[in-house]
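Dear colleague,

After it you will find my notes on what turned up, grouped by topic.

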Amino acid sequence: MTDTRSRDLITQIVHHPYVPPADFVAPQPPVHKGSTVLFPNVAAMRERRWLDKSSYTYGLHGTPTTYQLEERLCALEGGLQCLLVPSGLSALTTVSLALLNAGDEVLVPDNAYGPNKDFTEIELKRLGIAHAFYDAMNLADLEAKITPATKLVWLEAPGSVSMEFPDLAALVRLCRERGVKTVLDNTWGAGLAFRPFDLLADGGSLGVDITAHALTKYPSGGGDVLMGSIITRDANLHMRIKLTHMRLGIGIGANDAELLLRSLPSVGLRYHAHDVAARDLARWLGQQPAVVQVLHPALEGAPGHVHWKALCGAAHGGQGAAAGLFSVVIDPKYGQDAVDRFCDSLQLFKLGYSWGGPISLVVPYDIERMRSQPHAQLKAGTVVRFSIGLEQVDDLRADLAQALSQAFA
């Protein structure tokens, strides 16, 4: 045995032989950090495989920490395979890059998340991939736009900002009949409002092919982590996306994975709390004179409420599940200055994008600039979106009341 005391002190520290005992167990899983993975010998280096998650070769391809997070996210959404990416938008773009080639076509809801539409219109078009926007509330419109070149259909439930809830099962069924893959932006549902891979609750006879999820929102819950996931049930489809994921060099940090693992056990409690508070405030705002329409899928009269009820209404003992996000339409007789003054007058609601964190947020939107098609179910006026945090509801209501008084007296 080599006498390590003859080596330089720094070398002794770097190559110290002590290994702690392996029987330490705590509520939170350990955090494994490492780009380099060490092998016991050349044979092991040559034999190890990471594609099936049976071992480790390099930190970018997985560690015990990221493997655990992936498996827990699969449980959350009902999938079998998961990939982690640095943001929700990265999840969207990685799926499109993996599954589309020059000459293919992708269909995107007109009310989809804006950056996904931008990526489709600019980056995918530059690669020779065609696209069209369809009305997610009109099954016939999607049916008319599917062509032999259509290889992927994006879904979103509900729509971004305007919150229309589509007949998701009908859209998926149509795509399956036409042999087109479906991918759902499942950030709103988060695996809690409905089961994306089992839309009929019969064991999975009808479900989307892929979910893309901005873990930045409810799974994180702190407004301090950027991360996304791509989840599938088809091993071949997963591998196709995984190889593109590898070639793009996409990875996440161990500390971010740690924060997600710490937050996941409480995601159901937080999601429900956001939901209850949002419905309370949405109903109250619907009674205010300045508000001409409330866009919340769980409220009767909202666009797509019947579809929400069919898919999400059985959750929480029949109360349904609907996250903590909704929008209102302000009476058009009030100009943009008044709407901006309302948003600026709020004290507890902060101006900021994203949602799912502890702080309530508000953002005014110009829907007409975000959509390419008319909005038959949306009344005229300026749309203001609210993300309800974890503050006390009475305090949030009082804040809304004072801001409404200042802006729309």
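Predicted model: local features only at pLDDT ≥ 70, side-chain atom pairs only at ≥ 80, totals over all residues.

The side chains of K53 and E70 meet at 2.8 Å, N to O; since K53 lies in the loop between α2 (42-47) and α3 while E70 is in helix α3, the pair ties together parts that are 17 residues apart in sequence. K53 is partly exposed at 24% relative accessibility, and E70 is buried at 9%. Salt bridges that share partners also join K53, E70 and E71 into one network. The salt bridge between R126 and E123, likewise listed at 2.8 Å from N to O, lies within helix α5 (residues 114-126), where the two residues are 3 apart and therefore separated by about one helical turn. R126 is exposed, with a relative accessible area of 61%, and E123 is partly exposed at 29%.

**The sheet and the helices on it**

How are the strands arranged, and in what order? There are 7 strands in an open sheet with mixed pairing, and their order is β1-β7-β6-β5-β4-β2-β3. The edge strands, each of which pairs on one side only, are β1 (81-85) and β3 (130-134), and the twist from one strand to the next averages 20°. Strand β2 (residues 105-109) pairs with β3 in the parallel sense over 5 bridges, with E105 standing opposite A130 in β3.

Helix α4 (residues 88-99) packs on this sheet, where it touches β1, β4 (150-156), β5 (181-185), β6 (210-214) and β7 (228-232), and its direction makes about 150° with that of β6. Helix α8 (residues 235-247) lies across β1, β6 and β7, and it runs at about 20° to β1.

**Helix α11 and the cysteines**

Which residues of helix α11 (residues 305-312) are buried? They are H305, W308, L311 and C312, and because they cover an arc of only 135° around the axis, they fall on the same side of α11. The face turned away from that buried side carries the exposed residues V306, K309 and A310. Among the elements that cover the buried residues of α11 are α7 (168-177), α10 (267-285) and α12 (315-318).

C312 is buried, with a relative accessible area of 1%, and C175 is buried as well, at 0%. The search of the whole structure finds 0 disulfides. For C175, the nearest cysteine sulfur is that of C312, at 19 Å; that distance is also the one from the sulfur of C312 to its closest cysteine sulfur, and it is too far for a bond.

**A buried threonine**

Finally, T65 is found in helix α3 (residues 64-77), where it is buried with a relative accessible area of 1%. Leaving aside neighbours within four places in sequence, T65 is in contact with P30, V31, H32, A254, A257 and L261.

Technical notes:
Residues numbered from 1 in each chain as written. Heavy atoms only, no water. Buried < 20%, exposed > 50% of the residue type's maximum accessible area, 1.4 Å probe, protein only. Helix = DSSP H or I, 4+ residues; strand = E, 2+ residues; numbered from the N terminus. Arc of directions from axis to C-beta. Contact = heavy atoms within 4.5 Å. Pairing = 2+ DSSP bridges. Axes fitted to C-alpha atoms, helices over the stretch in contact; angles between N-to-C directions. Disulfide = S-S within 2.5 Å. Salt bridge = Lys/Arg side-chain N within 4 Å of Asp/Glu carboxyl O.
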